[in-house]
Structures are given as C-alpha cells and as structure tokens.
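This report goes through one protein chain, from a single side chain to the fold around it. The structure comes first, and the notes follow.

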Amino acid sequence: MEAVKQGSAAVGLKSKKYVVLATLKRAASELSAYQRKVFKIDDHMGIAISGLTADGRVLSRYMRRECINHSFVYDSPLSVGRLVLQVADKAQVCTQRSWKRPYGVGLLVGGYDKTGPHLYYNCPSGNYYEYKAHAMGARSQAAKTYLERKFETFDDATLEELIKHALFSLKESCTDGELNSKNCSVSVVGLDTPFDILEGDTLKPHIDALDAEDAGAMEILNGSLRENVEQIVYDNCADFS
C-alpha cells in the first residue's frame, strides 16, 4: 500500500463511451529515461500503474496471457470485470502466504466490452472497486479533489474533453516541474476506439491547449484583480475628498 502511495500519480475517468487513463512518468536521475507507466493489455483494455514498475510488468504479462487464452478458446474478448477479478484473486493469495510478498503496485484498469466502458482500481490487498473517476499515487488527493468537482460532467463528455480533464487533474499532482509531453502519458479506449497510448508528439497538442487555456484564465484573473484594485483606490480617494 505504501509503495502505491509513493508511486507517481495516475488518474482514470470514463464517460458513457470512453475511458481515459493518464500517468506521470518519473526518471531515476537526470541521465535516465522516463519509466513507462501505461501498458496495453488487449485492443479493448489497458492499465495504468503506480508503485513498483517491475511488479506492474509482471501483472501486465499475466493479464495479456489471460486475454490471449480466452480469445483462443472462446473466440471473443475477455470481459474487463472478469479479468479484474482474476487479478484481484492473484494479488490476494500473496497476502496469506508466508513465502510470498504482496504486489507493490496499484492498477487502474480501463476497458470497453459489450457492457460498455469500465474503470477499475485493483489494490495490492486483493480488493477491487469500479469508479467513474479515480486517482492514485503521490499527491493524488489534489487530483481526486478536481475529479470530485467535475465528475458529474463526465458522462456526456467527448473524448477531447475527457483528455483535458485527465491532464488538468494530473497537473494538480505534478511534483517534478511543469507537465509536458515527456513526463506524462495518456491512453484512450472506447466505442469503436481501440486502446491507444498518446505520448511525445501525439500528446503535445493536448498539452499546448491546456497551457493556452491556463494562460487565458490567468489573464482574465489578473484583469479582474486590477479592476478591483482600481475600484478600491477610486473609492478611497473619493472618501478623502
């Protein structure tokens, strides 16, 4: 549980048609590359992790095998809820064996199946929950606060709006300087939209739009403050006269 709390922030949110996952990426040092925190499981499903990346890779490989086996046997994609339950059972076994340790990673599982979009959180304890929006990792409370303010608008949101909300909430939890296309990843999946990861140049337009919106909001705020200050000065001068 502590490994999840100290890991890099990850957020997930869904509408009636889409699921969006977003993560912050960390670098071990200035000389190293950023570690990927989003993994594709199948065309209809993917995960975002927070905690020990090695444990996340192990679980992602297990999830991929389960999807491949189910597709081979039944010729249909594995439902998101069923796979989440299997991962939760696998994680729970590690909590009751003296020769094993619990997985030190939390998973946000986003997927789309015949019942619609789903967003689940898998805890290292073996518990799992379905959410409309969720955040985990370091300073995730700031992201949760933003999501709690906005979640009622998510159901009818477009894919672009969901990505914007995900980046806004992630920015609230950003600790390593400014949010940019190098230190974050966004993934999308939904109706007629196979799982896709946005990074680097493909993510940059969304980051630029976010920065432009922030700059516009700041300019409006500064203009409002100037007007208030000028009004106060005018009122005080009028009182003295």
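In this predicted model, Leu210 has a relative accessibility of 2%, and because buried means under 20%, Leu210 counts as buried. Leu210 is part of helix H6, which covers residues 204-240. Apart from neighbours within four places in sequence, Leu210 is in contact with Lys164, Leu167, Phe168, Lys171 and Leu179. For Leu179, which is 31 residues from Leu210 along the chain, the C-alpha to C-alpha separation is 9.8 Å.

Helix H5 is formed by residues 159-172. The buried residues of H5 are Leu162, Ile163, His165, Ala166, Leu167, Phe168, Ser169 and Leu170. Among them are Leu167 and Phe168, and these two residues are also in contact with Leu210.

Helix H2 covers residues 53-74. In H2, Thr53, Asp55, Gly56, Leu59, Ser60, Tyr62, Met63, Cys67 and His70 are buried. The cover over the buried residues of H2 includes strand S3 (38-42), strand S4 (45-51), helix H3 (80-93) and strand S5 (105-113).

The spans of H5 and H2, from the first C-alpha to the last, are set out below; the expected values are taken at 1.5 Å a residue.

| Helix | Length | Span | Expected span |
|---|---|---|---|
| H5 | 14 residues | 20 Å | 20 Å |
| H2 | 22 residues | 31 Å | 32 Å |

In H5 the span is close to the expected value, and H2 is likewise close to its expected value.

Val73 lies in H2. Is Val73 buried or exposed? With a relative accessible area of 56%, Val73 is exposed, because the cut-off for exposed is over 50%. Together with Phe72 and Tyr74, Val73 makes a nonpolar surface patch of about 410 Å².

Asp75 follows H2 and belongs to the loop between H2 and H3. Although Asp75 is not a glycine, its phi is positive, at about 55 degrees. The relative accessible area of Asp75 is 69%, so Asp75 is exposed.

Asp192 is another residue other than glycine with a positive phi, near 55 degrees. Its place is the loop between strand S9 (184-190) and strand S10 (193-198). Asp192 has a relative accessible area of 76% and is therefore exposed.

**Aromatic pairs**

How many aromatic pairs does the structure hold? There are three aromatic pairs. One of them joins Tyr120 and Tyr128, whose ring centres are 6.3 Å apart and whose planes meet at 55 degrees. Since an angle under 30 degrees would count as stacked and one over 60 as edge-to-face, the pair is classed as tilted. Tyr120, at 10% relative accessibility, counts as buried. Tyr128 has a relative accessible area of 35% and is partly exposed.

**The chain as a whole**

The chain contains six helices and 10 strands. Of its 241 residues, 45% are buried. Among contacts between residues at least 6 apart in sequence, 64% join residues at least 24 apart.

Key:
Residues numbered from 1 in each chain as written. Predicted model: local features only at pLDDT ≥ 70, side-chain atom pairs only at ≥ 80, totals over all residues. Heavy atoms only, no water. Patch = residues over 30% accessible without salt bridge, like charges linked within 9 Å, V, L, I, M, F, W, Y side chains within 5 Å. Areas by Shrake-Rupley, 256 points an atom, 1.4 Å probe, with all protein chains shown as cover. Salt bridge = Lys/Arg side-chain N within 4 Å of Asp/Glu carboxyl O. Helix = DSSP H or I, 4+ residues; strand = E, 2+ residues; numbered from the N terminus. Buried < 20%, exposed > 50% of the residue type's maximum accessible area, 1.4 Å probe, protein only. Expected span 1.5 Å × (residues − 1). Contact = heavy atoms within 4.5 Å. Phe/Tyr/Trp six-rings, centres within 6.5 Å; stacked < 30°, edge-to-face > 60°.
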